[in-house]
Amino acid sequence: MTDFAAIDFETANEQPSSVCSVGVVIVRGGVMVDSFYSLIHPEPEYYQWFCRRVHGLGPEDTEDAPVFPDVWEKIAPKIEGLPLVAHNARFDEGCLKAVFRVYRMDDPGYLFHDTLAASRRYYGCRLPNHQLQTVAAVCGFDLTRHHHALADAEACAHIALKLL
């Protein structure tokens with residue numbers, strides 16, 4: 001697969017619709033040609049301590065951020081016609097579907113591919129785990145800003161180019 005969009009969401013709380021940041025990397029012809037990052041005002045609008053501990057974002061970061069429909073308006077044209085790739089795609093696809101429901105947006109039914117599943121198939125038990133940073137390192141990508149949505153999307157794109 002040489003044309004796709006790698007995507008990663010971070011959430012503010014346990015609700016999948018509470019996306020508070022998104023990173024997208026566009027790959028065409030096997031080359032990363034564009035990227036996009038935005039903070040998002042989450043819905044519902046509260047932060048759980050465990051989410052803050054993971055990604056470091058809080059209400060002070062997103063209080064003036066745009067809401068999801070305004071952010072998606074910028075992303076949708078960039079990814080039109082492309083399959084989406086995520087590491088643990090079930091999470092990111094679930095976030096996307098949930099936030100579409102919350103804002104009563106039409107779900108275009110994006111096709112998702114999962115680099116976590118690909119890693120498990122390809123590497124099996126040769127890796128200690130199949131976490132994003134582990135798989136990225138094995139694929140030659142140094143993920144120094146893990147849980148920053150754009151850095152995670154970049155790592156996912158790199159893995160997808162190697163494994164999908």
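Guide: Let us begin with the lining of the largest cavity, which consists of Glu93, Leu96, Lys97, Phe100, Asp107, Tyr110 and Phe112. On a 1 Å grid over the protein atoms alone, a cavity is a set of points where a 1.4 Å probe fits but cannot get out, and lining residues have an atom within 4 Å of a point. This is a predicted model, in which local features need pLDDT of at least 70 and side-chain atom pairs count only at pLDDT 80 or more, while totals for chains, interfaces and linings use all residues. Residues are numbered from 1 along each chain as its sequence is written, and side-chain values use heavy atoms, with hydrogens and water left out.

Visitor: What volume does the largest cavity have, and which helix gives the largest share of its lining?

Guide: A volume is the space filled by probe spheres set on the grid points, which are joined across faces, edges and corners. The largest cavity has about 30 Å³, and a search of the whole structure finds one cavity of 30 Å³ or more. Helix H4 (residues 89-102) supplies four residues, the largest share of the lining. Helices (H or I, at least four residues) and strands (E, at least two) are DSSP runs, numbered from the N terminus.

Visitor: How does the span of H4 agree with its 14 residues?

Guide: The expected span of a helix is 1.5 Å times one less than its number of residues. For the 14 residues of H4 this should be 20 Å, and the end C-alpha atoms are 20 Å apart, which agrees. Arg104, with a positive phi near 55°, follows H4.

Visitor: Which residues of H4 are buried, and what covers them?

Guide: Buried means under 20% relative accessible area, exposed over 50%, and partly exposed in between (1.4 Å probe, protein chains only). In H4 the buried residues are Ala89, Asp92, Cys95, Leu96, Ala98, Val99 and Phe100. Their cover includes strand S1 (4-11), strand S2 (19-28), helix H3 (68-79), strand S4 (84-86) and strand S5 (112-114).

Visitor: How many residues of S2 are buried, and in which sense does S2 pair with S1 and with S3?

Guide: Two strands pair if DSSP finds at least two bridges between them. Nine of the 10 residues of S2 are buried. S2 runs antiparallel to S1, joined by eight bridges, and also pairs in the antiparallel sense with strand S3 (residues 31-39) over eight bridges. Gly23 in S2 stands opposite Asp8, and its bridge partner in S3 is Tyr37. Val25 stands opposite Ser35 in S3. Two residues lie between S2 and S3 in their hairpin, where Gly29 in the turn has a positive phi of about 60°.

Visitor: How much space lies in the largest pocket, and which residues are closest to its centre?

Guide: A pocket is an open set of grid points with protein on both sides within 12 Å along at least five of seven lines. The largest pocket holds about 360 Å³ of space. Among its 18 lining residues, Asp8, His87, Phe91, His146 and His147 are the closest to its centre. S1, helix H1 (49-55), H4 and helix H6 (132-138) each give two or more residues to this lining.

Key. Contact = heavy atoms within 4.5 Å.
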